[in-house]
Amino acid sequence: QGDWSSDVCSSDLSLIVCAWIYAPGLAGPFLLDDRVNLENLDVLSDGTRYTTDVARGNNSGPLGRPVSMLSFAASYLAADGMDPRVFKTHNLALHLIAASLVCWLAVLLLSFLRTPDAEWVALLTATFWMMSPLMLSTVLYVIQRMAQLACVFVLLGLILYCKARSASRGPQAILLAVFSVASLMMAVLCKETAIVGVPLLVLVEVAEIGRAHV
């Protein structure tokens, strides 16, 4: 229990440090094509709140990315307008959630492989991922929330699939597998590139089959 408590404290500290590092960037403005992609949020300003119009109002991809657009509508309503600080703060929150999911998924995969000190390895993996300079534009460039949300749902889908594979055969495993597929579908509705979650799920299955035959 002591080791687990240490892991949790270290994870919390990593999240706090990451939030502190990003905090100055939250004051920045909208960038590049942020406003072009978010201009249809103005329909929310008259108080009628046509969130369905917002969900169907983006042409960035063939599916319209409705889940992402609804998340932008939530930021708009929380800010009572187009306040970039609120939008960027929500992006940062999603980044921290994604990092936590990276850690959880890494623990599950490393446990499958019987890796020693799996929790610490997973924590280091998630920390390096979270602190990578490559993530800077993803977090502080508002429209990249589409990629963030897709990432969150793909990670969640993979985690649910891992839990389904480790569960005893029966209703619980089937339910977890169904939720896994649903999460991957939600990811695609955030951004179409999330289809990469399907081959990733296949890789998890191949790794699990390989482990079972070792």
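A residue is called buried when its relative accessible area is under 20%, exposed when this is over 50%, and partly exposed in between, using a 1.4 Å probe and protein chains only. The structure is a predicted model, in which local features need pLDDT of at least 70 and side-chain atom pairs count only at pLDDT 80 or more, while totals for chains, interfaces and linings use all residues. Residues are numbered from 1 along each chain as its sequence is written, and side-chain values use heavy atoms, with hydrogens and water left out.

Aspartate 33 has a relative accessible area of 32%, so this residue is partly exposed. It sits in the loop between helix 1 (2–22) and helix 2 (34–38); helices here are DSSP runs of H or I with at least four residues, numbered from the N terminus. Leaving aside residues up to four places away in sequence, aspartate 33 touches Tyr141 and Ile143, where contact means heavy atoms within 4.5 Å. Isoleucine 143 is 110 residues from aspartate 33 in sequence, yet their C-alpha atoms are 7.6 Å apart in space.

Leucine 32 belongs to the loop between helix 1 and helix 2. Its relative accessible area is 79%, and therefore leucine 32 is exposed. The phi angle of leucine 32 is near 45°, a positive value in a residue other than glycine. Another positive phi, near 55°, occurs at aspartate 80, which is also not glycine. Aspartate 80 lies in the loop between helix 4 (66–79) and helix 5 (84–112), and is exposed because its relative accessible area is 72%.

The next feature is a pocket. On a 1 Å grid over the protein atoms alone, a pocket is an open set of points where a 1.4 Å probe fits, with protein on both sides within 12 Å along at least five of seven lines; lining residues have an atom within 4 Å of a point. The second largest pocket holds about 150 Å³ of space, the volume being that filled by probe spheres set on the grid points, which are joined across faces, edges and corners. Its lining has 10 nonpolar, no polar and no charged residues, including Leu105, Cys151 and Val196. Ala, Val, Leu, Ile, Met, Phe, Trp, Tyr, Cys and Pro count as nonpolar, Asp, Glu, Lys and Arg as charged, and the others, Gly among them, as polar.

Helix 5, helix 8 (145–166) and helix 10 (197–212) each supply at least two residues of this lining. Helix 8 gives the most, with four residues. Helix 8 is mostly covered, with 16 of its 22 residues buried.
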